[in-house]
Amino acid sequence: DTTAFEVRNLTADELALFEEEEEPIVPEVANFADDFEDATASAAKWRLCGDKSSMNFADGKLAFAASTNVKAVAGSENWTDYVAEVTLNLQSARSNNVGLMYRVTDVSENGSDNYYGYYVGIGKSGTSCMILGYGANGWHQMKTIPHEFEVGVDYRIKVVLSGDRIAIYLDDNLMSVFYDDLYDHGMIGLRGYGEAFTADDIVVRPVTDEDLKVFDGLKRYVD
């Protein structure tokens with residue numbers, strides 16, 4: 001007996017069997033605030049990930065001990081365009097950094113880098129600087145901006161997100177503005193790596209026309 005074999009390309013219907021359909025994101029209006037004055041109320045708003053014993057709601061702040069496995073997230077993964085602000089205060093000065101995560105999803109309990117989303121940090125990456133990067137189940141650095149940061153000083157970080165446009169501020173000074181379309185939705189979060197710090201006065205709100213002025217003249221392509 002002989003058996004006939006047919007070899008052909010897969011049809012579109014057959015290829016579809018291997019594809020996972022993603023449910024479309026239904027954007028939600030981003031409105032969130034926490035001044036941490038009520039520890040019980042704050043604890044209900046946040047999900048603490050990793051070394052939970054190193055994160056505490058106390059003295060009107062969310063305090064983080066130096067650890068390589070601390071993250072705290074809040075809000076909705078369906079947030080898309082928003083402005084997020086937080087006051088950070090370094091409590092140690094080793095060789096690492098702490099900061100704000102934004103457009104964050106799929107946050108793991110294990111490891112500071114096990115999440116998907118953007119990050120802006122203050123502290124050190126070789127030298128004292130602001131650090132821009134993202135997590136994709138691992139750390140990916142985008143750029144550093146030289147700046148001196150001191151222990152015990154409050155620093156106000158703000159991010160403005162509109163589509164694939166991102167603006168980063170430090171104490172109301174524009175530090176970076178750029179295009180990036182890797183992540184278009186997600187929560188906000190706090191993250192540290194080997195440094196103690198506190199976070200306070202977090203606000204997440206919709207983007208206003210005034211906020212969008214920062215993108216005036218921003219070129220998508222280099223001439």
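**Ground rules.** I am working with a predicted model, where local features need pLDDT of at least 70, side-chain atom pairs count only at pLDDT 80 or more, and totals for chains, interfaces and linings use all residues. Residues are numbered from 1 along each chain as its sequence is written, and side-chain values use heavy atoms, with hydrogens and water left out.

**Rings.** I looked up aromatic pairs, meaning rings of Phe, Tyr and Trp (its six-membered ring) with centres within 6.5 Å; planes under 30 degrees apart count as stacked, over 60 as edge-to-face and the rest as tilted. I got eleven pairs. Tyr119 and Trp139 are edge-to-face, because their planes stand at 85° with the ring centres 5.6 Å apart. Tyr119 sits in strand β8 (residues 116–125) and Trp139 in strand β10 (residues 139–146), so I noted a link between distant parts of the chain, 20 residues apart. Strands here are DSSP runs of E, at least two residues, numbered from the N terminus.

I then checked burial (buried is under 20% relative accessible area, exposed over 50%, partly exposed in between, with a 1.4 Å probe and protein chains only). Tyr119 is buried at 0%, while Trp139 is partly exposed at 29%.

I also found Arg191 at both rings. A charge sits over a ring if NZ of Lys or CZ of Arg is within 6 Å of the ring centre and within 35 degrees of the ring normal. The charged end of Arg191 is 4.5 Å from the centre of the Tyr119 ring and 5.2 Å from that of Trp139.

Elsewhere I noted one aromatic cluster formed by Phe32, Phe36, Trp46, Phe57, Trp79 and Tyr82.

**Core.** I counted a nonpolar core as buried Ala, Val, Leu, Ile, Met, Phe, Trp, Tyr and Cys residues joined through side-chain atoms within 4.5 Å. The largest has 43 residues, and Trp46, Tyr102, Ile188 and Leu190 have the most contacts inside it. Strand β6 (residues 82–90) gives this core its largest share, five residues. Another core, of eight residues, lies apart and includes Cys49 and Met187.

**Two serines.** Ser162, in strand β11 (residues 154–162), is buried at 12%. Beyond four places in sequence, Ser162 is in contact (heavy atoms within 4.5 Å) with Asp81, Arg103, Leu212 and Phe215. Ser108 is in the loop between β7 (97–105) and β8, and is partly exposed at 22%.

Note on methods
Helices (H or I, at least four residues) and strands (E, at least two) are DSSP runs, numbered from the N terminus.
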